[in-house]
Amino acid sequence: MRVSVKALRYFLVAAEQGSISRAAEQLNVVPSAISNAIELVEAEFELKLVQRYPAKGIAPTATGVAMMRKIRHLIEEYDSLLLEGAELRTALSGSISVGYYAPVAPAFMPEIVGPLVRDNPDVALHFVECDNERAQSGLLDGAFDVILFVAENARAGIVCETLIEAPPYLLLPEGHPFAAQAVVELRDLSNVPLVLLDLPFTSAYYRGLLDDHGVDARIVATASTTEMVRSLVGAGIGCTILNMRPSTSLTYAGDKIVAVPIRTADPARRSLKLVMGHLGGKPRRLTRTFMGACSDYFSRQEATDLIVPNEAP
């Protein structure tokens, strides 16, 4: 048998009051609840903690006095824990850790968190770039409060909210022949030099997209960051397929690049979904505020500008 905090509290109040009836009145319970609690505590510790005097109340024994100090400290710590938990849940302060698998997150995340940080100086943000698997593992293990990731093979226990659906598009150097077209057929990329974003999941996604459309892919370079891919395209190394774009059409090197829609079979199925993942329940206020800011941003025009609409076949 394990004694409850409630039973310990009933025992302590009764011992302090020296009366079961006064303790019951103070705690707004029936006297039998106080009497039962005293018996439970004594049985748990196998100690005589109070002396009962008919018609005169109760008095703690020497052992009871010693236990009262320990129980009082325990209850004070418990109450403090509840208070801190309530403050953590409701206060707009503290730190939040966000894991993200979204290569163009730098294009939208500052806009989302800027007002949060400016208006709340006690807030600290921690962003960790990772792949889909690490993001989900981190959320489930408690390393992250919220994650942004691609909605593929989401694990049990993760609540997913879709933020945006991003179809694939073709990124080209400014002078490329395809750059003047309103749309590019995916099958026309056979034997065209391609630069591939080589990250977990994305590499297989892009290769599968090419294979499904019978494209004889000529991959001349791979890179593990979106900006390196963009820079290679800007330098004329090749074209690339991506799903989200920053607002700038310049690379780090200052080269101009052009985004053109790709026509694919079954455009809806070919789009990638960027989702926000969390554990549900009642997250603390800071986490709720961040998630609300994400949802709000992706409902606005700024988020629509992150994608290149896919032309229907």
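These legends describe close-up views of one predicted model. Residues are numbered from 1 along each chain as its sequence is written, and side-chain values use heavy atoms, without hydrogens or water. Local features need pLDDT of at least 70, side-chain atom pairs count only at pLDDT 80 or more, and totals for chains, interfaces and linings use all residues.

**View 1. Five strands form an open sheet.** The strand order is β4-β3-β5-β13-β6, with mixed pairing. Strands are DSSP runs of E of at least two residues; helices are runs of H or I of at least four; both are numbered from the N terminus. Two strands pair if DSSP finds at least two bridges between them. β4 (123-129) and β6 (159-166) stand at the edges with a single partner strand each, so one side of each has no neighbour in the sheet.

**View 2. Strands β3 and β4 run parallel.** Seven bridges join β3 (residues 94-100) to β4. Which residue of β4 is the bridge partner of V98? F127 is that partner.

**View 3. A salt bridge joins D145 and R284.** A salt bridge is a side-chain nitrogen of Lys or Arg within 4 Å of a carboxyl oxygen of Asp or Glu. Here the closest N and O atoms are 3.3 Å apart. D145 sits in the loop between α6 (132-141) and β5, and R284 in the loop between β13 and α10 (285-297). The two are 139 residues apart. The whole structure has 13 salt bridges.

**View 4. The largest pocket holds about 370 Å³ of space.** On a 1 Å grid over the protein atoms alone, a pocket is an open set of points with protein on both sides within 12 Å along at least five of seven lines; a cavity is a set where a 1.4 Å probe fits but cannot get out; lining residues have an atom within 4 Å of a point. Points are joined across faces, edges and corners, and a volume is the space filled by probe spheres set on them. Of the 19 lining residues of the largest pocket, P103, V104, P106, T226 and E227 are closest to its centre. α8 gives the largest share of this lining, three residues.

**View 5. The largest cavity holds about 200 Å³ of space.** Its lining has 16 residues; P103, Y206, N243, M244 and L272 lie nearest its centre. β13 gives the most to this lining, with three residues.
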